[in-house]
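Please examine the structure shown here. The questions that follow ask on what grounds its descriptions rest.

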Amino acid sequence: MKLGIVGLPNVGKSTLFNAITKAGAESANYPFCTIEPNVGVVSVPDKRLDVLQQMYDSKKLVPTAIEFYDIAGLVKGASKGEGLGNKFLSHIREVAAIVHVVRCFEDQNIVHVEGTVGPLRDIETINLELIFSDLEVIERRIQKTQKMVKSDKSAQAELDLLNLIKDTLEGGKSVRALDLSTEEQEFVKSFGLLSYKPIIYVANVSEEDLLENNGDNSLVQQVREHAKCENAEVVVVCAKIESEISELDDSEKLEFLQEIGLEESGLDRLIKAGYKLLGLISFLTAGPQEVRAWTIRKGTKAPQAAGKIHSDIERGFIRAEVIAYDELVAAGSINAAKDKGLLRLEGKEYEVKDGDVILFRFNV
Ligand code: GDP
């Protein structure tokens, strides 16, 4: 479940990606993660872990992590195979969601590929490449479905939807902008369309803009307007400041952020937004050895969540002892929570919630 970073040249992708790799998570904890130069693994910030570590007096704290994939090399004409075009598009196909970095900083010394800074034009340039690629997919699909309709009238609804998608794409819009029913969404997801992948726009602003107006300049406003049409989120960062922050240790980082009047770094906001965009949630385990966050997809049942820890626990699953993080904190300790009868015993069908603190019981 990787997020792919895309954007035109000179918008600040590498600067942001460097911040990601420097802030990188301790890889020993994340054996599932790929080790490639263009993949960065970062911890997902979760203040709940600090609170639990104190409560349990745990030796170790292990946050969960997500991966960012640096997909450089997009130029105009990629969908026609120019530049690294096709390779670039196939990389986007592999990621679960897109982080689109858009330049919202003016700097005479840094050339813009189009001559001037224009976030809407930049967004359109990249989106059009994805749209062209999707059009090819949809046109092939339409041909197939037209044949099907001749013998099977029930395929007509599918064909109508495909034509609607085609019209949308031909109008220069991403499929993301369409208002679809849940059933249609599932159907459309199965095509792997690039312009249907969940997206976050990262507005990269100058140091001055970030410090003076919280980054909200007129260029960022344009990005926000656009994102609204696609139900997408915008995260404002200053990549340069992020790369400086990533050099600092935790206490220095806190001090620096306080100094510039921010609660959280842009990177941390981006990581959280990315996690949410992927439909991921965390459940927590806590004990004197370690407190730890585990990533699952929303909707995961207790045994499968247990399987994230170890396949043996999933296989021998008996039940889960669960308490919501907020309730645990309100009770003050796990024993106090037990005394108050707040600990729930949940079975195989229980759907794990974000922030559940869980102890699994299992047969060995
Ligand atoms: P990429 O081609 O998208 O990977 O862009 P880079 O990360 O290489 O950035 C291009 C240039 O813009 C570099 O000289 C960066 O130092 C500069 N740059 C990136 N982010 C910022 C920023 O937030 N503020 C300013 N002033 N310059 C930036």
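Q: Which element gives the largest share of the shell around the ligand in this predicted model?
A: Helix 1 gives the largest share of that shell, with three residues.

Q: Which residues come nearest to the ligand, and which elements give two or more residues to the shell?
A: Of the 17 residues around the ligand, Gly12, Lys13, Ser14, Thr15 and Ala239 come nearest. Helix 1 (13-22) and helix 9 (239-245) are the elements that give two or more residues to the shell.

Q: How do the residues of the shell divide into nonpolar, polar and charged?
A: Six are nonpolar, seven polar and four charged; Gly counts as polar in this division.

Q: Why is Val235 called buried?
A: A residue is buried if 20 or more other C-beta atoms lie within 10 Å of its own. Val235 has 20 C-beta neighbours inside 10 Å, and therefore counts as buried. Val235 is placed in strand 7 (residues 233-237).

Q: What does Val235 touch, not counting residues up to four places away in sequence?
A: Contact requires C-beta atoms within 7 Å. Val235 touches Ile200, Val202, Gly266, Arg269, Leu270 and Ala273. Between Val235 and Ala273, which are 38 residues apart along the chain, the C-alpha separation is 8.0 Å.

Q: Where does UniProt list the "domain: TGS", and what is the helix and strand content there?
A: An unreviewed UniProt entry lists residues 279-362 for this domain. Over residues 279-362 the chain is 31% helix and 39% strand.

Q: Which domains does the domain assignment give?
A: The assignment gives domain 1 (2-45 + 64-115 + 197-277), domain 2 (131-195) and domain 3 (299-362). The centres of domain 1 and domain 3, taken over C-alpha atoms, are separated by 34 Å.

Definitions and conventions:
Residues are numbered from 1 along each chain as its sequence is written. This is a predicted model: local features need pLDDT of at least 70, side-chain atom pairs count only at pLDDT 80 or more; totals for chains, interfaces and linings use all residues. A residue is near a molecule or strand if its C-beta atom, placed from the backbone, lies within 6 Å of it. Helices (H or I, at least four residues) and strands (E, at least two) are DSSP runs, numbered from the N terminus. UniProt positions are given in the numbering used here, feature names are shortened, and annotations may be inferred rather than shown by experiment. Domain bounds come from an automatic or database domain assignment. A residue is buried if 20 or more other C-beta atoms lie within 10 Å of its own, exposed if 12 or fewer, and partly exposed in between; C-beta atoms are placed from the backbone. Two residues are in contact if their C-beta atoms, placed from the backbone, lie within 7 Å.
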